[in-house]
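Subject: Handover of a structure and the findings on it

Dear colleague,

Please find below the structure that I am handing over to you.

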Amino acid sequence: MNIRNWLNYIDGQWLDSEQRLTILAPATNQPMATIAQATVAQADLALAAARRCADSGALTRPRPAQRVTWLLRIAEEIRAIADEGARILCAENGKTLRDARTEFVEAARYFEYYAGMADKIEGRSIPLGNGYMDFTVYDPMGVSLQIVPWNFPVSICARSLAPALAGGNAVVIKSPELSPLGLCVLVEAIERAGLPQGAVNLLCGRGREVGAHMAASKQVDQIVFTGSVPTGQSILRAAAENAVPSVMELGGKSAALVFADADREQVLSSVRDGIFFNAGQVCSALSRILIHRSIYDEVVESIVQLAEGLHLGAGEDNADLTPVISAGQLAGIEALCRTAQAEGAVVATGGEALSGVAGHFMRPTVFRDVTSHMTIAQQEVFGPVLAAIVFDTEEEAIAIANGTDFGLVAGVFTQDLNRALRCARRLRAGQVFVNEWYAGGIETPFGGVGLSGYGREKGQEALYSYVRTKNLAVRIKGEEGSAS
Ligand code: NAD
């Protein structure tokens, strides 16, 4: 691939900067492109452009059907560039070409889905008796700042951008330094849909510099952040200064509960998708598997066989297990594996990086004999590393599953419907899967409890994170009525 120099999209123009960030391909560790490193001054330009757009009413004065048209056009443009975008995303991110393409298709689906809602954001009428008419309307927030992580940059960006535009907001997207290029392709497609100037801005810059600067800006009316807990906490502190509402999608340490009657095929295919898909760099990864003692050895053994049968390779070859994003990420994963062993967990397979290769490949790893107080059972790894924990009773399984600071998703594997529903009710998580990890889709509300964050993305529910309720109370002359 030719080295291309990518730009940032601010106020309807693609802008360069003096400094550039180099993007390394995870599969080879070689430079593949550069991107303009946005400055704080450019971040301010982007926020000002979004402010002008939001305040001008360009997004809200036309009938809502206009926003439906824009969103559907965006979806069409994204579908048209899905193959090109997938090649770039695959190369910069390390994920498979197939999964990279899925991200673009999913992005298009978000725009179609929220297009269907853009002209149905309806308020309520509230009876106050004679003399009054009262009703609610939904106003847009105004300027929505959306800070995006590197693991699924395109689909996570679309997940917030589509409902924000549907609600009539102007948006500034802060792309992740390690994987910003797919978002440039996405925004090139959005540009062709002909939205008002300043409605969508995209910039890549250092998180601690331009990200932090924008999070603290008074120009921002809402912050949507997806990323790590420490970054989320620092953004929340900045948002608190201006009392800016935020949606926080943070990390997880999600558990699957596997009971003795679980369908083994469903368990294995869920483990494969749950912890080895995207090299385990998934916030809602199945990173802990809690297995009933009567089947613990058997299930762990079949997971080890599954892991050892995975082919490690580059994303463009659609390998079973692809590289992790960076050398730093790989070092962090290996460090957590060493801690796990020091604390008494046993490596059933993997436990270290693949040696003798240029790319950042982590071996698929399964730890057995993990207990819930160990670091490997408490801390997010964000890599292809599974912790297997034994349990004896349903009560104990629930306690272990709920025994971390996180609460993003959870899963129950059993043929017993009553048990599944009992557990689902008691699991502290924003989503619970029964017999298939990642069951659900863009239609199903997603978000966390505890350190996994708050607010909901996806589904109809998410739209209401992007608008605020205004109540209109009208006094009708000539009608009797009491004021209270
Ligand atoms: P990160 O927190 O390092 O970075 C996320 C984004 O924040 C990047 O764009 C980065 O530039 C920016 N940023 C960094 N410091 C900032 C600051 N001080 N102020 C403002 N912005 C700043 O996270 P990451 O490494 O990109 O992603 C991995 C983490 O994200 C994992 O913990 C994972 O669980 C989480 N994640 C959560 C979800 C979810 O939906 N819950 C989805 C994907 C990833």
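A nonpolar patch, as the term is used here, is made of residues with over 30% relative accessible area and no salt bridge, with nonpolar side chains joined within 5 Å. In this structure, which is a predicted model, Met-133, Phe-135 and Val-474 form such a patch on the surface. Together these three residues have about 240 Å² of accessible area. Phe-135 belongs to strand S6, which covers residues 132-140, and is partly exposed at a relative accessible area of 30%.

The chain as a whole

The protein chain has 15 helices and 20 strands. Along the principal axes, the C-alpha atoms fill a box of roughly 80 × 60 × 40 Å. Buried residues account for 55% of the 484 residues. The accessible surface of the chain is about 19,600 Å², and 50% of this belongs to carbon and sulfur atoms. Of the contacts between residues at least 6 apart in sequence, 74% join residues at least 24 apart.

The interior

In soluble globular proteins, nonpolar side chains tend to be buried together. Here the largest nonpolar core has 161 residues, and the members that touch the most others are Ile-78, Phe-111, Tyr-114, Leu-257, Val-271 and Ile-289. Helix H4, residues 97-118, supplies the largest share of this core, with eleven residues. Tyr-114 touches, beyond residues up to four places away in sequence, Leu-71, Ala-162, Pro-163, Ala-166, Lys-458, Gly-459, Ala-462 and Leu-463.

Met-362 lies in the loop between strand S14 (346-349) and strand S15 (365-368). Is Met-362 buried or exposed? Because buried means under 20% relative accessible area, Met-362 counts as buried at 1%. Apart from neighbours within four places in sequence, the contacts of Met-362 include Leu-312, Leu-321, Val-324, Ile-333, Cys-337 and Pro-384. The C-alpha atoms of Met-362 and Ala-331 are separated by 9.6 Å, and these residues are 31 apart along the chain.

Salt bridges

Side chains of opposite charge can pair when their charged atoms come close. The count of salt bridges in this model comes to 23, and three of these pairs are described here.

The side chains of Asp-139 and Lys-470 meet in a salt bridge, with N to O at 2.9 Å. This pair links distant parts of the chain, as Asp-139 is in strand S6 and Lys-470 is in strand S20 (residues 467-475), 331 residues apart. Asp-139 is partly exposed at 24% relative accessible area, and Lys-470 is partly exposed at 40%.

Glu-394 forms a salt bridge with Arg-419, and the closest N and O atoms are 2.9 Å apart. Glu-394 is in helix H13 (residues 394-401) and Arg-419 is in helix H14 (residues 417-426), so that the pair links distant parts of the chain, 25 residues apart. Glu-394 is buried, with a relative accessible area of 15%, whereas Arg-419 is partly exposed at 23%.

Salt bridges that share partners also join Arg-79, Arg-109, Glu-112 and Glu-443 into one network.

With kind regards

Key:
Residues are numbered from 1 along each chain as its sequence is written. This is a predicted model: local features need pLDDT of at least 70, side-chain atom pairs count only at pLDDT 80 or more; totals for chains, interfaces and linings use all residues. Side-chain values use heavy atoms; hydrogens and water are left out. A nonpolar core is a set of buried Ala, Val, Leu, Ile, Met, Phe, Trp, Tyr and Cys residues joined through side-chain atoms within 4.5 Å. Buried means under 20% relative accessible area, exposed over 50%, partly exposed in between (1.4 Å probe, protein chains only). Helices (H or I, at least four residues) and strands (E, at least two) are DSSP runs, numbered from the N terminus. Contact means heavy atoms within 4.5 Å. Patches are made of residues with over 30% relative accessible area and no salt bridge: like charges are joined within 9 Å, nonpolar side chains (Val, Leu, Ile, Met, Phe, Trp, Tyr) within 5 Å. Accessible areas come from the Shrake-Rupley method with a 1.4 Å probe; for residues, only the protein chains shown count as cover. A salt bridge is a side-chain nitrogen of Lys or Arg within 4 Å of a carboxyl oxygen of Asp or Glu.
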